[in-house]
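Please walk me through this structure, beginning with the surroundings of the ligand and then turning to a single residue in a helix.

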Amino acid sequence: MASLDTYIGTVRSDILKIIPDSRSFVEEHLFQVFFLPDEKLNKVKDLLQAEIDKRLHPDADLNDPFTFYPSFVEQVPDGSENGKYLAIDLGGTKCRTLVVDVNNKTTSQNIIEETIPMDYIRDESASNLFDYIADQLHRLLTDCKLLNTPTSLKLGFTFSFPVKQLAVDKAEVINWTKHYKCSDLIGKDVVDKLEDSIRKRGEMNVKCTAVINDTIGTLITGAFIDPHCSIGLISGTGTNGCCFEPVKNIREYRNTNGREEKMVAIDTRWNNFGYGDVIDFLMSEYDREITRDTVGINMGIEKLMCGMFIGENVRRVLHKMYTEGISFTSWKSWPSQWKDVFSLDTSVVSDILSHPLNGMVIVNKYLSKFNIDNLPENDCRLLYRVCELVVIRAGHVTAACVACLVQRVGKEVIGVAVDGSVFKHTSLYRDVLNDKANTLVDHKQKVYFVPCNDGSGLGAALIAAMMDKSD
Ligand code: GLC
């Protein structure tokens, strides 16, 4: 990609060429909203820094639902881990179960990945969801001939929702995010729930020895691949980051003597950052509408950057352009496929952007899958440009959050272990993130991104392997 500024300049002049009569819309609605100058991004970085410090403070209010808990993961793999370990990764729309062979500093794995039925996700009771997960594990252990083993198989559980972490293998749900309901699990231990369902399903001799957030799993996988990794990042349905923090900064370790030099990984829960009016200076009319229309989905600043909301932002901008007669004038009505909140999936945006801009035919071909009529070339180009702008903003805001953690970690060269569908499938997002994160950090620091495919699940298995050694 050419330098980011040149790129954005090209996007701006191209949109102005397509809709020359709507200069004010382009300037005020598209660029003001989606193109964030460095001052704003630096402000995000500083505010998030202050927020993390506040939450780590020994006097922080423990009853505050946004409080931090350490992960109790105090080390990274050293290469001496060996054996067969299991993992379950529950976080977005997919459930992944893994059998991982860790051997001689390498891993190989068998994975089953399934899209979780929406009914289970939206159910008030978590029982169907957990029974479903136990079924998936049973399927995998059957395939791998690991049913009824004489000794118990150790499992790491990646549970990517806000929890009150009480020990490495004990975490109570604070609330659900993303599309999940399952309210009867709030305040309960997810490990107990998982083990109950596994026991009920039968024939599996499995012990869950660790429960972690996906950021922590990804960081551990990253550190296994590259020792410079000290930050974990998820850019998927949700987004979040973690890093290692000195234990002396952590309330739970206050009375632990002789370990002051140790570090522990913390989930910064940056996804929550931005409630109230703290990030008002970033919020667009689209973000405000989205917040109003998605009451009950407990997500903060991530609404500006994660997979759950990128498609929704695009949908709202296109809708505004349609209703104001700025574009898509050939449509007699707004496409019914894009009527509801979340009906334009972020994967559509990633797919469209994966074709070069001049391949407009491809955009049309792609839209025809959704029964959306042939768009004139200019509308196609506009749609493409809107996708770009929304993704650029997502990359920028993520970069500000990453830069904040880079500042905390303080080393000169820092690897960020990253997993998640947005990062994996959207090359523009990757480029913007890399470019902007390096602009926002201290000029003596260099940050780079280490893709960790299935890192969140694999990391859980690696933690189970590390725990096994320290037993
Ligand atoms: C959501 C969850 C958080 C998770 C993130 C990435 O923000 O609340 O726990 O880490 O998504 O999956």
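**The ligand and a helix residue**

A polar side-chain atom of N271 lies 3.1 Å from an oxygen atom of the ligand, which falls under the cut-off for a polar contact, a pair of N or O atoms within 3.5 Å, where within protein one atom must be able to donate a hydrogen and the other to accept it, and residues adjacent in sequence count only if both atoms are side-chain atoms. Taken alone, the ligand exposes 310 Å², and the protein buries 98% of that (accessible areas come from the Shrake-Rupley method with a 1.4 Å probe, and for residues only the protein chains shown count as cover).

This is a predicted model, in which local features need pLDDT of at least 70 and side-chain atom pairs count only at pLDDT 80 or more, while totals for chains, interfaces and linings use all residues. Residues are numbered from 1 along each chain as its sequence is written, and side-chain values use heavy atoms, with hydrogens and water left out.

Elsewhere, K320 is found in helix α9, residues 307–323 (helices are DSSP runs of H or I with at least four residues, strands are runs of E with at least two, and both are numbered from the N terminus). The side chain of K320 makes a polar contact with the side chain of E285, at 3.1 Å.
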